Amino acid sequence: MDNINVLIIEDTPEQSDALSKVLIANKYNIVGIARSYTEALKLFYEQTIDIIVIDVFLDGKPDGITFAETINIIPNASKPFVFLTSSQDRQIFERAKLTKPFSFLMKPFNELEILYALEMAVEKFYEQTNVFFSEDQNTVIGNDFLFIKKKNALKKVAINDILYIEVEDRYCNIITEKEKFVILISLTKISALLDANKFIRTHRNIMVNSNKIEEIILADNLIILKGNHKVNLSNTYKDFIKKMNILS
Amino acid sequence: MTSKLQTTMSKIKTNFFLLIFFFPLLLLSQEIEISTSITDALKKLDFKNEKNFSKAQSFYLKREWDSTLIYSMKELDKNQKNELSDYCHFFRGHCFQIKKLFKEAKFEMNLVSKKFPFRNLVNNKLGQISTELNEFDKAIYYFKEVEKRINSNSKEVKIYDLYGNIGVCFLHLKQYEKAEEYLFKSLKLQEKKNVDSDLITLYTNIANLYYVQYKDQQAIPYFKKAYILSKKINSFQSKKNASQNMAVVEENRGNFKDALVYRKEFDQWKDSLNNQNKIWAVADFEKKFAVTQKQKQIKVLEIENQLKNSQRNWLFFSAIGLLLLLTAGIYLYAQKVKNSKIILLQKNKLDELNATKDQLFSIVSHDLRSSVNALKTSNTKLSATLETKNYDELNQLIIQNSGIANSAYSLLDNLLHWALLQTKQLYFHKESVHLFSIVQQIEYNYKPLLLDKSITFENSVSKNSFIFVDLDSLKIVLRNLLDNAIKFSNEEGKISFYTQENQPAFYQLVIEDTGLGMDEKTIKEILKESELLAKKGKSETIGTGLGMQLCKQMIKKNGGSIQIESELHKGTKIILTFPKTEQNG
C-alpha cells in the first residue's frame with residue numbers, strides 16, 4: 001500500500017505549511033505546493049497526483065477555480081480535488097459549482113475536517129458515495145488504484161500490482177507481489193467496478209488478475225501466478241480459458 | 001251695318017266658342033274610353049322585360065303626361081320596331097295633343113303603323129288634331145275613315161261625337177247641308193242618351209248652323225234650347241256662352257230689352273267665372289302658401305330633429321367618455337390601493353429588517369465590544385504577568401484569552417452567516433453527509449473548552465447515518481448547539497450526541513446535556529417563529545438569541561425541525577430531525 005499523493009495549491013505559506021503538516025501527520029504524501037496557477041499546472045503535469053487541494057483565491061484572484069476548470073477540460077487528466085475558501089460569496093460558489101466533482105471546505109478548518117473533505121472528494125470523484133464512513137466498506141475503486149481507508153489514513157494500491165483477490169465473507173484479501181491485506185467491500189460490488197477483462201473469476205471466491213497468470217495447470221485445477229502464488233481453479237469457471245489467447 | 005257686323009263678330013265668336021267647347025268635350029269622353037279599352041289591351045301584352053315601357057304605360061294610365069313622354073321616348077330610343085313602339089307613338093301623340101302641341105301630335109300619330117289594333121282611335125285623334133290645325137278636309141277624311149269602320153256599339157269612339165265632329169267640320173267648310181245632315185244624325189243619337197252638356201254643345205252647333213245661313217227662325221229655338229239646358233248644369237262656361245249667344249241673337253233681332261237681360265246674365269256668369277277663377281287662384285295661392293308654410297315647418301322640424309340628434313349623440317358620447325373616465329379612475333384607484341398595500345407590506349418588512357439591524361448593532365456594540373475589551377484587558381494582564389514570570393498564571397491567562405477569542409469568533413461567524421441568510425447570499429448545497437464524522441469534527445474544536453470545564457463528551461451517533469443536508473449550515477447548527485450546551489453545563493457535566501431512528505425518512509439527532517435547563521417560557525420564546533431575534537434573558541449568555549435564531553432558520557432550510565425538551569437544573573434535550581440520504585448507491 002502506498003501513501004496518497006497530494007498537490008497543494010495555496011498562496012499563503014503559513015496556511016500551506018499548516019496544511020502540509022496535518023496531511024503528513026496523517027500519512028499523506030505532499031508532492032508539491034504551488035503558489036500560482038502556472039506553477040500548479042506545471043506541478044500537475046510533472047507529478048503523479050492523487051488528490052489536489054485548491055485555494056480558491058490565489059493572490060486575490062479566483063485562479064483556483066480557473067485551475068479546476070482547466071483540468072476539467074483536459075480529458076482523462078482530472079483528479080479529485082477540494083476547494084478551500086474563506087468566502088461564502090455566492091457568485092464565487094456559482095462559478096466553482098460548475099467544476100466537477102465539486103467539494104469545498106470552509107476556512108478555518110480543523111484536522112478532521114480536511115481529512116473528511118479529502119475522502120469525500122475521492123468518493124465523489126469516483127462516484128462511489130458513502131464508502132469510507134460506512135461500517136461495511138472502506139475501499140473506493142478508481143481507474144488505476146484502489147483507495148483504502150486503513151484506520152484513519154487513506155492508502156492506495158495500484159490495480160496492476162494486484163495478483164488476485166480472495167473474497168472472504170464481507171472482506172476481500174488483496175494479494176500483491178509484496179504484501180497481503182484485507183479490505184472491506186462486497187464481492188458483487190468489487191466485481192462490478194473492476195475491469196471484467198482484467199480480473200477473472202476462477203473460483204467461487206477468487207478473482208485473478210489475468211496479466212499475472214504464469215501458468216494454468218488444468219489437471220491439478222491450479223493457476224500459477226507471478227511470484228509463484230498458486231490459486232485454485234474450479235470447474236464452473238474454467239470457461240474463461242477459451243477467451244484467452246493461448247500460445248501453444 | 002253695325003248689327004250685321006256684330007252678327008259676324010258674334011258668329012266668329014260663336015264659331016270660336018264652338019271650337020273651344022268642342023274639344024274638351026271630345027277629350028273628356030275619349031279619355032274615359034281609352035282607359036277602359038287600352039287598359040284591357042295593355043294587360044294582355046307581355047312587357048315585363050321592358051322596364052321603360054311598363055313605366056310609360058303606368059304613367060299614361062295615371063295621366064302623368066310628362067313622365068309618359070320621357071319613358072316612351074326611352075323605350076323608342078332603344079327599341080326595334082314592334083307592337084310596343086306603336087303604343088309608344090300613340091301615347092306620345094295623345095300626350096302632345098293634350099299639351100296642345102298639335103304638329104308633334106300629328107307626327108307621332110302618323111308613325112303608328114296600320115296594324116295597330118286601335119286604328120279607329122288613331123284616326124279619330126288625327127281628325128281632332130286636324131280640326132285643331134284648321135285642316136278641315138283632312139279632318140273629314142280621318143273622321144270618315146273612322147265612320148267606315150265603326151260599328152254602332154264601339155267603345156273606342158262615340159258615334160254621335162263622330163257625327164258631331166264631322167258636322168262641325170262641314171260647318172267650317174260651309175257645306176251646310178252635309179253639316180246639317182251629320183249634326184242631326186248626332187242629335188238623334190244624343191237625344192237618346194240625353195247628356196246635358198253634350199246636348200248644349202250640339203244645340204249650339206245646330207243653332208250656329210242655321211244662324212250662319214241666316215235662318216234665324218230655325219236657329220233661335222236651338223239657342224233657346226241650349227240656354228234652357230245650360231240652366232240645369234253647373235258649368236259657368238256653358239251658362240256664360242249660352243247667355244252670350246242669346247244676348248247676341250236678341251240684339252240682332254232688335255229685342256234689346258231681352259238682349260240686355262241676357263247680356264246682364266252673361267256678365268253675371270262671366271263674373272262668376274272670373275270669381276271662380278279668382279277663388280281658384282286665391283285657393284291656389286293659399287294652397288301654395290300653405291305648402292310653403294308646411295315646408296317651412298318641415299324644415300324647422302328637420303333642423304330640430306338634427307339638433308336633437310346631435311344633442312343625443314353628444315349625450316351618448318359624453319356618457320361613454322364619462323364611463324371610460326370612471327373605469328380608468330377605478331382602475332387607477334385599485335392600482336393605488338394595491339400599490340399602497342405593497343408599500344405597506346414592504347414598510348412592515350423594512351421595519352422588521354430595521355429592527356433586526358438595530359439588534360445586530362446592539363449585539364456588535366455590546367457583545368462583541370465586551371468580548372474584545374475583555375481580551376484587551378486580559379492581554380494587559382498577560383504582559384504584566386509575563387514580567388513576573390509566573391508561568392502557571394500565564395498559562396491560565398492564555399487559555400482564558402483563547403476562550404474569549406473563540407467565543408468572539410463564533411459570534412462573528414454567526415453574525416456573518418445570519419447576514420448572508422438575511423440577504424439570501426448564502427450558498428446552499430445539499431449533499432450526503434456522514435453525521436458521525438461531522439459531530440466528531442465539531443467536537444474537535446471544542447475539545448479544549450470541554451476539557452477546561454471537565455465535561456464528558458460522548459458521540460454515540462450511528463456510524464451508518466447519512467443525512468442529506470448542506471454541510472456548512474449543519475456545522476453552524478451543531479457548533480451553536482454544542483456551544484450552548486457547554487455554556488449552560490456545569491463543571492463535570494456530560495454532553496452526549498446520539499441518533500434515533502423513529503421515522504423511515506428521517507434521522508433524529510439528540511444533543512443532551514446535564515446543564516441548567518430552561519423553563520417552558522424560555523423554550524417557547526426560543527422556538528417562536530420570527531425574523532426578529534429573541535430578546536436576551538441574561539446578559540452573560542452572549543448572543544444566544546442570534547445563535548438560536550440562526551439554528552432555527554438553517555434547520556428549516558435543510559428540511560429539518562427542532563424540538564426542545566428541558567427541565568430546570570436537570571438538563572436539556574435538543575432533538576433535531578434531518579432527512580436521510582436516499583439509499584440508492
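This briefing describes a chain contact, a helix pair and a sheet in the structure above. The model is predicted, so local features need pLDDT of at least 70 and side-chain atom pairs count only at pLDDT 80 or more, whereas totals for chains, interfaces and linings use all residues. Residues are numbered from 1 along each chain as its sequence is written, and chains are lettered from A and ligands numbered from 1 in the order in which they are written. Helices (H or I, at least four residues) and strands (E, at least two) are DSSP runs, numbered from the N terminus.

**Contact between chains A and B**

- Chain B contributes 17 residues and chain A 14 residues to the contact, where two residues are in contact if their C-beta atoms, placed from the backbone, lie within 7 Å.
- On the side of chain B that touches chain A, strand 1 (430-434) and helix 15 (435-452) of chain B each supply at least two residues.
- Helix 15 of chain B gives the largest share of that side, six residues.
- The residues of the side of chain B that touches chain A comprise six nonpolar, nine polar and two charged (Ala, Val, Leu, Ile, Met, Phe, Trp, Tyr, Cys and Pro count as nonpolar, Asp, Glu, Lys and Arg as charged, and the others, Gly among them, as polar).

**Helix pair in chain B**

- Helix 4 (residues 83-98) and helix 5 (residues 102-111) of chain B pack at about 160°, with their axes 8 Å apart; axes are lines fitted to C-alpha atoms, for helices over the stretch in contact, and angles run from 0 to 180 degrees between N-to-C directions.
- Helix 4 and helix 5 of chain B are therefore roughly antiparallel to each other (angles over 145 degrees).
- Residues of helix 4 of chain B that meet helix 5 of chain B include B:His89, B:Arg92 and B:Phe96, and among their counterparts in helix 5 are B:Phe102, B:Glu108 and B:Leu111.
- By class, this helix contact has five nonpolar, three polar and three charged residues.

**Sheet in chain B and its helices**

- Five strands of chain B form an open sheet in the order 2-4-5-7-6, with mixed pairing; two strands pair if DSSP finds at least two bridges between them.
- Strand 2 (456-460) and strand 6 (561-567) of chain B are the edge strands, each pairing on one side only.
- Neighbouring strands of this sheet are turned by 15° against each other on average, direction ignored.
- Strand 5 (residues 506-513) and strand 7 (residues 571-579) of chain B pair in the antiparallel sense over eight bridges, and B:Tyr507 has B:Phe578 in strand 7 as its bridge partner.
- Helix 15 of chain B lies across strand 2, strand 4 (494-500) and strand 5 of chain B, at about 175° to strand 2.
- Helix 16 (residues 471-487) of chain B lies across strand 4, strand 5 and strand 7 of chain B, at about 25° to strand 5.

Methods: Parallel < 35°, antiparallel > 145°, perpendicular 65-115°, else oblique.
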